[in-house]
Amino acid sequence: MESFASQKKDIKSMTLDELRADMKIQGQPSYKALQIYRWLHRGVSSFEEMTDLSKIVRQFLTEKYYISVARVENKLVSDYDNTIKYLFSFADGQCVEAVLMEYQHGRSICISTQVGCKMGCTFCATGLGGFQRNLTASEMLSQVQAAQKDAGVRISNIVLMGMGEPLDNYNQVIRFLRLVSSQEGMNLGMRHISLSTCGLVPQMRAFAEEGLPVTLSISLHAPNDDVRKQLLPVANAYAIEDVLSAAREYVEKTGRRVIFEYALVKGVNSELRHADELASRLRGLRGHVNLIPLNAVRERDLHPPTRADVDAFLRRLEARHISATVRREMGADIEGACGQLRR
């Protein structure tokens with residue numbers, strides 16, 4: 001974090017109520033909190049940009065707080081679909097990647113929640129560089145703001161599926177969700193936000209109790225524990241039935257269906273017998289299977305199945321009355337697709 005973080009407060013990670021209380025403690029009129037909050041959520045990078053505040057107030061804010069900013073260090077634009085992959089840096093020099101995607105219904109951004117990742121999934125590039133630290137709520141918000149400013153567009157959907165495991169950074173992710181959806185902030189409806197987890201069961205159950213109607217995506221990637229352990233080390237801690245039990249709780253408490261992410265890996269989990277077993281496990285659970293033909297990662301000796309095998313897997317699930325689609329991959333030519341993000 002910033003060298004002065006111990007003396008100065010991360011103002012963009014504060015809720016409006018927290019900011020009001022802080023202004024009161026600092027001897028400032030609490031009504032100024034709303035002015036400041038709105039400026040922060042417009043994406044200003046300095047207090048000097050808050051032009052409707054007096055110079056004395058701006059100086060006071062500079063002395064007591066800092067504004068977290070995501071700086072664009074590099075970006076790549078796909079020749080195929082106009083997907084943009086950003087490399088963002090923060091005040092301590094740490095970097096993450098995020099991906100801005102264009103759909104008919106609007107722009108979606110896939111943001112990172114950690115610098116690196118601890119989970120070590122065998123098909124993913126993110127964990128290859130190790131784990132450095134969690135991101136703050138303000139750093140997550142800053143990725144959205146920086147992409148909007150750079151691309152000159154309004155982002156209508158957010159996916160917490162970039163670098164890191166969101167539920168491993170639980171408190172800051174929950175704070176981010178409340179900030180980005182606040183009416184006085186970006187006011188993005190939570191139904192336009194998706195959060196992905198590799199299956200941290202205790203955090204999944206806690207998340208169901210938060211009352212946040214986001215879409216929960218679960219990286220399942222296997223029909224049983226033996227196969228899942230080949231792909232996700234977290235499967236050694238949480239059995240697949242425990243993950244599905246937590247998913248059922250989420251559906252019951254939120255009324256939202258869950259998405260099961262399933263990366264198809266040739267010779268590991270992509271045969272028709274795997275489709276049959278997966279369908280058997282998911283029967284009766286309100287969800288949807290998102291099939292992802294494996295994306296290439298240079299350091300991994302894993303490969304996707306043929307398109308014919310992908311289609312056969314999909315047809316078998318549908319024949320077993322399981323809702324499923326094959327994900328349209330975005331930005332594969334710039335290594336911006338699922339599992340390809342790095343530091």
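Mentor: A salt bridge joins the side chains of Asp168 and Lys118, with an N to O distance of 3.3 Å; the term requires a side-chain nitrogen of Lys or Arg within 4 Å of a carboxyl oxygen of Asp or Glu. The pair links distant parts of the chain, 50 residues apart: Asp168 belongs to the loop between strand 9 (155-160) and helix 5 (170-180), and Lys118 to the loop between strand 7 (114-116) and strand 8 (131-134). Helices (H or I, at least four residues) and strands (E, at least two) are DSSP runs numbered from the N terminus.

The model is a predicted one, in which local features need pLDDT of at least 70 and side-chain atom pairs count only at pLDDT 80 or more, whereas totals for chains, interfaces and linings use all residues. Residues are numbered from 1 along each chain as its sequence is written, and side-chain values use heavy atoms, with hydrogens and water left out.

Asp168 counts as partly exposed because its relative accessibility is 22%, and Lys118, at a relative accessible area of 48%, is partly exposed as well. Here buried means under 20% relative accessible area, exposed means over 50%, and partly exposed lies in between (1.4 Å probe, protein chains only). A charge is taken to sit over a ring if NZ of Lys or CZ of Arg is within 6 Å of the ring centre and within 35 degrees of the ring normal. Arg42 is likewise placed over the face of Trp39, at 4.5 Å from the ring centre.

The structure holds 20 salt bridges. One of them joins Lys85 to Glu97, whose closest N and O atoms are 3.6 Å apart. Lys85 is in strand 4 (residues 84-89) and Glu97 in strand 5 (residues 95-103), so this pair ties together parts twelve residues apart in sequence. Lys85 and Glu97 are both buried, whereas Asp168 is partly exposed at 22%. Another salt bridge is formed by the side chains of Arg320 and Asp276 (3.2 Å, N to O). Arg320 is in the loop between helix 10 and strand 14 (324-326) and Asp276 in helix 9 (residues 272-282), so parts 44 residues apart in sequence are tied together.

Aromatic contacts come next. Rings of Phe, Tyr and Trp (its six-membered ring) pair if their centres lie within 6.5 Å; planes under 30 degrees apart count as stacked, over 60 as edge-to-face and the rest as tilted. By this rule there are four aromatic pairs. Tyr86 and Phe88 have ring centres 5.2 Å apart and planes at 10°, so they are stacked. Tyr86 is buried at 1% relative accessibility, and Phe88 is buried at 0%. In the pair of Tyr262 and Phe313 the ring centres are 5.3 Å apart and the planes are at 35°, so this pair is tilted. It links distant parts of the chain, with Tyr262 in strand 12 (residues 258-264) and Phe313 in helix 10 (residues 307-319), 51 residues apart. Both Tyr262 and Phe313 are buried.

Two helices deserve mention as well. Helix 1 (residues 16-25) has Leu16, Leu19, Asp22 and Met23 as its buried residues. Viewed down the helix axis, these residues fall within an arc of 120°, so they line one face of helix 1; the arc is that of the directions from the helix axis to the C-beta atoms. The face turned away from the buried side carries the exposed residues Asp17, Lys24 and Ile25. The buried residues of helix 1 pack against strand 1 (9-10), helix 2 (32-42), helix 3 (55-64) and strand 2 (65-66), contact meaning heavy atoms within 4.5 Å. Helix 2 includes His41, which counts as buried at 8% relative accessibility. Apart from neighbours within four places in sequence, His41 is in contact with Leu141, Gln145, Leu179, Gly185 and Met186.

Finally, confidence: pLDDT is the predictor's confidence in each residue, from 0 to 100. The chain has a mean pLDDT of 92, and 92% of its residues reach 70 or more. Over residues 1-5 the pLDDT is below 50, and this stretch has ten contacts in the model beyond near neighbours in sequence. Where pLDDT is low, predicted coordinates should not be read in detail.
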